[in-house]
Amino acid sequence: MTTALALPLHDAALAERLTGRLDLVEELLRDAVTYADPIAHDASSHLVNAGGKRLRPLLALLTAELGDGGRREVVDAAAVVELTHLATLYHDDVMDSAPLRRGAPSAHEVWGNSVAILTGDLLFARASSIVSGLGPEAVRIQAQTFERLCLGQLHETVGPRPDEDPVAHYLQVLADKTASLIATSARFGAMFAGCRPDVVHTVTQFGETIGVAFQLADDVIDLTSDGEVTGKTPGTDLREGVPTMPALLLRSRAASTAAGPADRDVLALLDADLSDDADLAAAVAALREHEVVSLTRRRAVDLARQAVTELEPLPSGPVKDALVAFADALVDRAS
């Protein structure tokens, strides 16, 4: 099933257009990761061949339907955001020591850290090459997005300052590391479809909000799924000490006067050596049953509702309905 048809689209003509254009994006992605050099080709095509939800190009194609969605520039822009996303995954998996990505061994597990990092750089280069053909404004937006991606990763790596609220710090990390590219996806689609500036602004804000909701939902899924949804080993972030909202909420609660023995017991499991799979599974199971998971899910749902509210200025119709369905689908995964 294609990504477009995975959404509950009630307009058959819209679904058909999105499906056809996603196929064009897929062709462009495969062309972009084709190299004469065998190592560069195999490593670059690794994640493209592993598949994925293609949420970012789908969002770009959706917002483009608010204007002239048939323009070739829209397809190119949709490919740019997906290539950029794929590049970040190569780097993220090295930093997080993630053994799996999209159900397949991570690139660094196959070729080593150095090749994985350089492959991510190659994909950034290909994305830059394509975006250069879309004009200086697109290059500027891509550069600003790339800067936010790097800042998000940097701040996640360094952590909050002693005087900084860890939860607020984490939400800013999510805004930069995840939401920035989703916002740019929505922006590019409307922008290259010739939409008015106010429409471009509306969908960009929608993308920013739904991007944070998406990552919070992923935090829940990382604990509650068997890994099929994310393609990653459940609890990978816990093992590598990467902060997530449930863990941060638990730490905040454990440090308060309202903390009980159960809070401290779960936190002790999280702070133990999780290199053993059995210990990791025990920590994941304990955290999964804690209230902080439902609190995180609720935050994701609230943000998704806020994102839908931000769509109010758009005209009613199948495209707006599809954007609402897009927002719902991102957080429903965590239900």
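Helices α3 and α7 are roughly perpendicular to each other, because their axes cross at roughly 80° and angles of 65 to 115 degrees count as roughly perpendicular. The structure is a predicted model.

**The α3 and α7 crossing**

Helix α3 covers residues 38-49, and helix α7 covers residues 113-132. Their axes come within 9 Å. On the α3 side, the contact is made by Ala 40, Ala 43 and Ser 44. On the α7 side, Val 115, Thr 119, Leu 122 and Leu 123 take part. By class, this contact has 5 nonpolar and 2 polar residues. Charged residues are absent from it.

**The chain as a whole**

The protein chain holds 16 helices and 2 strands. A compact globule of 335 residues would have a radius of gyration near 20 Å; the chain has 20 Å, so the two agree. Its C-alpha atoms fill a box of roughly 60 × 50 × 40 Å along the principal axes.

How confident is the prediction? Mean pLDDT for the protein chain is 90. Of its residues, 94% reach 70 or more. Residues 1-5 stay under 50. For that stretch the model has 15 contacts beyond four places in sequence.

**Two further helix pairs**

| Pair | Residues | Angle | Axis separation |
|---|---|---|---|
| α10 and α15 | 197-224 and 291-309 | about 160° | 8 Å |
| α13 and α14 | 261-271 and 277-288 | about 150° | 9 Å |

Take α10 and α15. Angles over 145 degrees count as roughly antiparallel, and α10 and α15 are therefore roughly antiparallel to each other. α10 passes α15 in a left-handed crossing. Which residues of α10 meet α15? They are Phe 206, Thr 209, Ile 210, Val 212, Ala 213, Leu 216, Ala 217, Asp 219, Val 220, Leu 223 and Thr 224. Facing them in α15 are Val 293, Thr 296, Arg 297, Arg 299, Ala 300, Leu 303, Ala 304, Gln 306 and Ala 307. The residues of this contact divide into 13 nonpolar, 4 polar and 3 charged. Asp 219 of α10 and Arg 297 and Arg 299 of α15 are among the contact residues.

Now α13 and α14. α13 passes α14 in a left-handed crossing. Val 266, Leu 269 and Leu 270 of α13 make the contact with Ala 282, Ala 283, Ala 286 and Leu 287 of α14. How many of these residues are nonpolar, polar or charged? There are 7 nonpolar residues, with no polar and no charged ones.

Key
Residues numbered from 1 in each chain as written. Predicted model: local features only at pLDDT ≥ 70, side-chain atom pairs only at ≥ 80, totals over all residues. Heavy atoms only, no water. Axes fitted to C-alpha atoms, helices over the stretch in contact; angles between N-to-C directions. Helix = DSSP H or I, 4+ residues; strand = E, 2+ residues; numbered from the N terminus. Parallel < 35°, antiparallel > 145°, perpendicular 65-115°, else oblique. Left-handed = near helix turned anticlockwise from the far one by under 90°. Contact = heavy atoms within 4.5 Å. Nonpolar A, V, L, I, M, F, W, Y, C, P; charged D, E, K, R; others polar. pLDDT = per-residue confidence, 0-100. Rg over C-alpha atoms; globule rule 2.2 N^0.38 Å.
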